[in-house]
Amino acid sequence: GHRNHSRLHFVLHYIQENLTDKILVDKLCQKAYMSRNQFYQWFRQQFGITPLEYINRERIKMAKQLLADPKYSVSDTSYRCGFADVNYFVRLFKQKEGITPGAYRACQM
């Protein structure tokens, strides 16, 4: 129980600290001392979503904060949140939030 909790904390901390970088699931598996299959199963048991879905959710949260600041363009925000492809960011944001990042920003102003 305790080891599971600290392992989870360690993995989540690593994700938060590296949100702006490319996060490889293999690296997360190493951090958790698990095989890829074990890690996916364990992560899904903890959160009900895959590691990538969790990472993207956290990046979208971060993007929403940045979009509230007019000095960051949508593409700036995309890159600052660890997305290599602006189009993917816009699609994912719209899928998760129901509106595009530009429309979200307009609502914030």
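Where does Y33 lie? Y33 sits in the loop between helix 2 (25–32) and helix 3, and we will come back to this residue once the overall layout is clear. Before that, a word on the ground rules. The model is a predicted one, so local features need pLDDT of at least 70 and side-chain atom pairs count only at pLDDT 80 or more, while totals for chains, interfaces and linings use all residues. Residues are numbered from 1 along each chain as its sequence is written, and side-chain values use heavy atoms, with hydrogens and water left out.

Let us start with the whole chain. Its secondary structure comes to 7 helices and 0 strands, where helices (H or I, at least four residues) and strands (E, at least two) are DSSP runs numbered from the N terminus. Reading along the sequence gives the pattern α-α-α-α-α-α-α. The C-alpha trace spans about 45 × 25 × 20 Å along its principal axes. Of the 109 residues in the chain, 37% are buried; here buried means under 20% relative accessible area, exposed means over 50%, and partly exposed is in between, using a 1.4 Å probe and protein chains only. Among contacts with a separation of 6 or more, 52% come from residues 24 or more positions apart, a contact being heavy atoms within 4.5 Å.

Y33 has a positive phi of about 55° although it is not a glycine. With a relative accessibility of 73%, Y33 counts as exposed.

Helix 3 itself covers residues 36–47, which is 12 residues. From its first C-alpha to its last it reaches 16 Å, close to the 16 Å expected at 1.5 Å a residue; the expected span is 1.5 Å times one less than the number of residues. Within helix 3, F39, W42 and F43 are buried. These residues cover an arc of only 100° around the axis, which puts them on the same side of helix 3; the arc is that of the directions from the helix axis to the C-beta atoms. Just after the helix, G48 takes a positive phi of about 80°.

Next comes the packing between helices. Two packed helices are described by the angle between their axes and the distance between the axes. Helix 3 and helix 4 pack at an angle of about 50°, with their axes 9 Å apart. The axes are lines fitted to C-alpha atoms, for helices over the stretch in contact, and angles run from 0 to 180 degrees between N-to-C directions. Helix 3 and helix 4 are therefore oblique to each other, on a scale where angles under 35 degrees count as roughly parallel, over 145 as roughly antiparallel, 65 to 115 as roughly perpendicular and the rest as oblique. On the helix 3 side, F39, Y40, F43, R44 and F47 meet P51, E53 and Y54 of helix 4.

Helix 4 (residues 51–67) also packs with helix 7 (residues 101–108), at an angle of about 50° and with the axes 9 Å apart. That makes helix 4 oblique to helix 7.

Which residues of helix 7 are buried? They are P101, Y104 and R105. Their arc around the axis is only 100°, which puts them on the same side of helix 7. These buried residues pack against helix 4, helix 5 and helix 6 (86–97). On the other side of helix 7, A106 and C107 are exposed. A103, also in helix 7, is partly exposed, with a relative accessible area of 31%.

Finally, look at helix 5 (residues 74–80), which holds S78 and T77. S78 counts as buried at 0% relative accessibility, and T77 counts as buried at 0% too. Leaving out residues up to four places away in sequence, S78 touches F83, D85, V86 and F89. With that exclusion, T77 touches A63, L66, L67, Y72 and F89.
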